[in-house]
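Okay, thanks everyone, let's get going.

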Amino acid sequence: MTATASVPTRGAATLPLLTQLVLAELRRMARNPMFAVGTLGFPVLWFALFALPHVHKTLDSGATVGQYLLVSFATYSLLSLAMFSFGAAVANERTGGWLRLLRASPLPAPLYLTAKLIAALLFSALSLTLLYAFAHFAGGVTFPAGQGLLIAGKLLVGMIPLIALGLCIGFLTNPASASVLANILSVIVSFGSGLFVPLDQLPKVVQDLAPFLPSYHLAQLGWNAVTGQGNNIIHWVWLAGYTLVCGSMAAWAYRRDEARRQ
Amino acid sequence: MQAGGMNAEAIELCGVSKQFGRVQALHDLNLSIRAGELTALLGPNGAGKTTAIELMLGLLQPTAGTVRVLDRKPQAARTQVGAMPQESESALPAALTVHEAVTLFAHMYPVPLTVKEALALADLLPLAGHRAGALSGGQARRLAFALAVVGNPAVLYLDEPTTGMDAGSRQAFWGAVERMKEDGKTILLTTHYLEEAERTADRVVVMNAGQILADGTPEQLRARVASARVRFTSDLTLTELQHLPGVEHAEVDAQGHAVLTTRTPEALVTALVQSGLPFSELEGTRASLEDAFLTLTANKPGVAA
C-alpha cells in the first residue's frame, strides 16, 4: 500500500479505482462457473452442434457459410453475456444491497457502470477469441487478420445497446425474473434474429419481426462485413435508437430505485 | 472546513421530517452529533433510527428540513464517511476474497488505511484469503466493518453492528470501536444490546415514532428512572410485598421469587431484615439503561401519526 499521504480534499485517484472495479467485475464473472460456462462454453457448443457440419459450403457472395455462422454465434454470445452480466447480475446486486453499499460510498455511479462496461467488453473479447479459435481449429474457418478484427470491433461496439437492454432488465425486475428473462431473451431473440437458423429458412412472421430486434441489426453488421455487401447505416441507426431508449429507461429505473426504500 | 478541528458539530439535522407514503418515519427531528463522540441511537423497531442514518448518508432526501455532515451536504461528505449498514451480508461481494473487497473499498477514499490495518482492526487477518460469500454471519459483519473503516473516515455510522456476532467477536469489535474513538472519530451507532451502549457511548439518544424522547449520558438517562431492583425469595404474598416501604412495583411467582422496583433499596432491605421474616437469595441491581429505555418508550406509546 502506498503510504504517501495525499491532500484529503476531493476523491480518490480515478484510474486505480477504475482498475480495481474492473478487476472485481472480471473476478465475479470468472469465479461464477454457471456464468463462465454459459457465456464462454455455450456459444462454442452451439457452434460445434449446428454450424460445424456446414462450414465448408460457400455463399453466393463467395464468403463461406462457416464465416457467416461464426458471426451468428458470436452475436449470440454477446447477447447472452449482456443479458446475464447486466440483467441477472445487476438485479442481484440491486436487491442484495451491494449497489446500496456502493451508493453510500464515495464511488461515483458512472464509474461503477463504466467498470461494468469495460469488464463486459473484455470478457466478450475473450468469448469471441475462444469461439474463433474453436471455429478455426475445429472447422478451418478463417478470417484475414484485418477483417477479423474489424468484425470483432464492430460487434463489440454494437453490443452497447444490448448492454443497455440488460441494464433495463437489471434495474426493473427482481433477480428471479431477471434470470428467466435473460435466458428467454438470449435464446428467443437469437432465434428470431436468425442467429441459429438463417432467416430465409424461417417462417414469414419471424422474418417480418426480426428487423425490430437489436441483435438482428448487430448480426447484420457482422454478416455485411463478411460478404462485403449491404448498407450498414440503417443498422447503426437502429442500434443507436435502442441504446437511447434502453439507456434512458435504465437511468430512470436507477433514479426510481434511489428514491425508494431498499 | 477541516474535520477534526474545533468544529463541535459533526452532523446536524434541523427540523427533519421524512415521509414514506402515508408513514411518517421522522417527525421534525433536531439532532446534533458532536465531533469525536460516540453517540448511541436507541429505539424500538420503527423508531426511525435507520431512516435517520440513511438521511445522514444521503441515501434518502428529507421531506422537510436540512441534513449537514461535516458542514456539507451528505453526498459531498462521503469521502469522510464510512458506513456499516444493517444486516449487510447479502450486500457483500460474494465472489471476492476478504482482502480483495477491502482493497477495492480502500481505493474509493483519498487517504485510506492500509488494507492490513483495516483487516487487523476487524480481526480478519486470518480470513484475508476467504471468499466473502463463504463467511459466517459474524465474520460477514466484521467484513462490513472493515469496509466501513478502511477509508479512514472522520465519521462512522454503525447500524446494528454486533447483530450475529458471537461473544468473542463482539468483544474484539468493541475494542476496535474504542480505538477508532481514541483516534478522534465521530461514531454514531444503533444497537439492540443496551448494555453495549451503556458501556461505550458518551451520549445516548432515545427515539420513538420518529421523535427524540431523551438525550443525555448513560448516567443521566439512568438517573431519570432512578430506580433499583431488589430480588429475593420468601413466603411473602404479593400484597405484603407491595406494602414494604418504597416499593413502586412488585412481582412474585409461585415459588416465592420476588422482584421489587424501588427508589430506596436500602430502606427496603432494612425493613425486610427488621421484619424478622425468613428470606434468601437477596440480590440488588441499580437501574440499567435498559430499564430507563423501557420506561421511556413505554410511557410514551408513540405519537399518533
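Predicted model: local features only at pLDDT ≥ 70, side-chain atom pairs only at ≥ 80, totals over all residues.

If you look along the principal axes, the C-alpha trace of chain A spans about 65 × 40 × 35 Å. As for burial, 44% of the 262 residues of chain A count as buried. And of the contacts in chain A between residues at least 6 apart in sequence, 79% join residues at least 24 apart.

Let me zoom in on one helix pair. How do helix 3 and helix 8 of chain A run relative to each other? The axes of helix 3, residues 65-96, and helix 8, residues 175-192, come within 8 Å and cross at roughly 170 degrees. Anything over 145 degrees counts as roughly antiparallel, and therefore that is what we call helix 3 and helix 8 of chain A. On the helix 3 side, the contact residues include A:Leu79, A:Met83, A:Phe84 and A:Gly87. From helix 8, among them are A:Ala178, A:Leu181, A:Leu185 and A:Val189. By class, this contact has twelve nonpolar, seven polar and no charged residues.

Now over to chain B, and its sheets. There's an open sheet of three strands here, order 2-1-4, with antiparallel pairing. The edges are strand 2 (23-34) and strand 4 (64-69) of chain B, each of which pairs on one side only. From one strand to the next, the twist averages 20 degrees. Strand 1 of chain B, residues 9-20, is antiparallel to strand 4 of chain B, and five bridges hold that pairing. To pick out one bridge, B:Leu13 has B:Val67 in strand 4 of chain B as its partner.

Next, strand 8 of chain B, residues 203-208. Is this strand enclosed or exposed? Five of its six residues are buried, so strand 8 of chain B is largely enclosed by the rest of the structure. Strand 8 of chain B runs parallel to strand 3 (residues 38-42) of chain B, joined by four bridges; there, B:Ala40 stands opposite B:Val204. With strand 9 (residues 211-216) of chain B, strand 8 of chain B pairs in the antiparallel sense over five bridges, and B:Asn208 stands opposite B:Gln211. The hairpin of strand 8 and strand 9 of chain B has two residues between the strands, and B:Ala209 takes a positive phi near 45 degrees in it.

Further along there's B:Arg286, in strand 13 (residues 279-286) of chain B. With 12 C-beta neighbours inside 10 Å, B:Arg286 counts as exposed. B:Arg286 and B:Val230 are 56 residues apart in sequence, but 8.8 Å apart in space, C-alpha to C-alpha.

Last bit, the contact of the two chains. How many residues does each one put in? Chain B gives 24 residues and chain A gives 27 residues. On the chain B side, helix 2 (residues 98-106) of chain B gives the most, with four residues. That side of chain B divides into 16 nonpolar, six polar and two charged residues.

Key
Residues numbered from 1 in each chain as written. Chains lettered and ligands numbered in written order. Contact = placed C-beta atoms within 7 Å. Nonpolar A, V, L, I, M, F, W, Y, C, P; charged D, E, K, R; others polar. Buried ≥ 20, exposed ≤ 12 C-beta atoms within 10 Å, placed from the backbone. Pairing = 2+ DSSP bridges. Axes fitted to C-alpha atoms, helices over the stretch in contact; angles between N-to-C directions. Parallel < 35°, antiparallel > 145°, perpendicular 65-115°, else oblique.
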